[in-house]
Amino acid sequence: MSSPTGPASGLPVRMPRPRQPGRHRRPEPLAAPEGAPALVLAVPGTPSAAVRGLAEEVVSIARSELPGLDARIGYAEGDDTEFPTLPAVLTRAADERTARYEQALAAGVEVKEPEGPVAVVVPLLAGPDGALLRQIRQAVMDSRVAAELTDALGPHPLLAEALHVRLSEAGLARADRARLFTVATAADGIVLASVGGEEAVQAAGITGMLLAARLAVPVMAAALDQEGSIASVADQLRSAGSQQLALAPYLIGPEIDASLVEEAAKEAGCAFAEALGAYPAIGKLALAKYTTALGIAPQQPQGAVR
């Protein structure tokens with residue numbers, strides 16, 4: 001038995017560890033503020049069961065990074081039955097916020113009337129596809145709900161990391177240069193395929209430079225939605241000395257018919273990797289757009305160094 005001044009039997013007593021002072025102290029875990037707007041993931045393209053599974057995984061990653069996050073999914077081309085449209089999701093979020101406020105008043109609780117955006121809408125797009133962003137923006141306007149629309153997720157170092165992983169999974173790139181892991185089929189030139197026209201190609205080119213630094217091979221961006229663009233860029237890479245090319249889709253998945261990637265790769269005469277899909281970085285970047293819009297966590301997630 002121990003006394004107020006110490007252990008009576010002479011045995012040591014485990015004391016709580018003091019918090020480590022200084023800049024190396026572990027940061028307190030971040031949680032969503034009470035009453036924070038919803039994060040609404042705006043999913044482009046034709047919805048399907050596979051697209052829904054991808055979106056749900058992205059949202060799950062975001063929730064795991066920010067406990068208490070109210071995260072929802074709205075489809076730009078939904079049907080309001082199996083796949084809820086973006087306006088319907090925003091309207092429901094607004095109605096639920098109003099209902100919570102009225103219930104609190106009815107219960108005699110002093111609460112502040114809700115203000116600010118009901119939701120932050122984050123497009124599930126790697127790059128700036130003008131047509132898809134206009135469609136999402138119009139859906140937000142049609143809802144007549146106070147919502148903030150963010151930019152696309154890229155360019156960002158984490159997207160270069162995700163492209164690297166997808167290429168390595170397809171056997172088209174070394175998994176880790178530091179370990180000198182060799183791949184006999186590794187490409188010596190990468191065509192980075194985007195959608196959204198010239199603006200999207202330029203944005204993809206920024207991530208492409210980061211990917212080129214990781215792989216130590218040339219990377220050039222091209223547009224999947226411009227006829228002949230992929231084949232033309234492939235010819236440029238071959239003219240510059242690349243012999244074994246690979247096509248890396250700078251896409252999350254729902255933006256375009258997956259068969260177009262395979263057709264473009266066949267036209268260019270090269271192998272191809274899978275789209276980015278629900279790679280963990282996608283969920284983290286979606287959350288970073290949300291928290292930055294609200295001023296909760298101004299810093300973007302950092303890319304991994306390899």
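Two rings of Phe, Tyr or Trp (for Trp, its six-membered ring) are taken as a pair if their centres lie within 6.5 Å, and the pair counts as edge-to-face when the planes are over 60 degrees apart. The close-up views below come from a predicted model.

**View A. The aromatic pair of Tyr75 and Phe83.** The structure holds 1 aromatic pair. Its partners are Tyr75 and Phe83, whose ring centres are 5.3 Å apart and whose planes make an angle of 80°, an edge-to-face arrangement. Tyr75 has a relative accessible area of 3% and is therefore classed as buried, the limit being under 20%. Phe83, at 7% relative accessibility, is likewise counted as buried.

View B. Ala94 belongs to helix H2, which spans residues 86–106. With a relative accessibility of 17%, Ala94 counts as buried. When neighbours within four places in sequence are left aside, Ala94 is in contact with Val118 and Val145.

View C. Leu105 itself has a relative accessible area of 43%, so it is described as partly exposed, a class that lies between the limits of 20% and 50%.

**View D. The open parallel sheet of strands E8, E7, E9 and E10.** In this view 4 strands make up an open sheet, arranged in the order E8-E7-E9-E10 and paired in the parallel sense. Strand E8 (219–223) and strand E10 (271–272) are the edge strands, each of which pairs on one side only. In general, the strands of a sheet pair through backbone hydrogen bonds, either parallel or antiparallel. Strand E7, made of residues 189–194, pairs with E8 over 5 bridges in the parallel sense. Val191 stands opposite Met220, a residue of E8.

View E. Ser229 is placed in helix H6, which comprises residues 229–239. Apart from its neighbours within four places in sequence, Ser229 is in contact with Ala222 and Ala223. At a relative accessibility of 16%, Ser229 falls under the 20% limit and so counts as buried.

Note on methods. Residues numbered from 1 in each chain as written. Predicted model: local features only at pLDDT ≥ 70, side-chain atom pairs only at ≥ 80, totals over all residues. Heavy atoms only, no water. Helix = DSSP H or I, 4+ residues; strand = E, 2+ residues; numbered from the N terminus. Buried < 20%, exposed > 50% of the residue type's maximum accessible area, 1.4 Å probe, protein only. Phe/Tyr/Trp six-rings, centres within 6.5 Å; stacked < 30°, edge-to-face > 60°. Pairing = 2+ DSSP bridges. Contact = heavy atoms within 4.5 Å.
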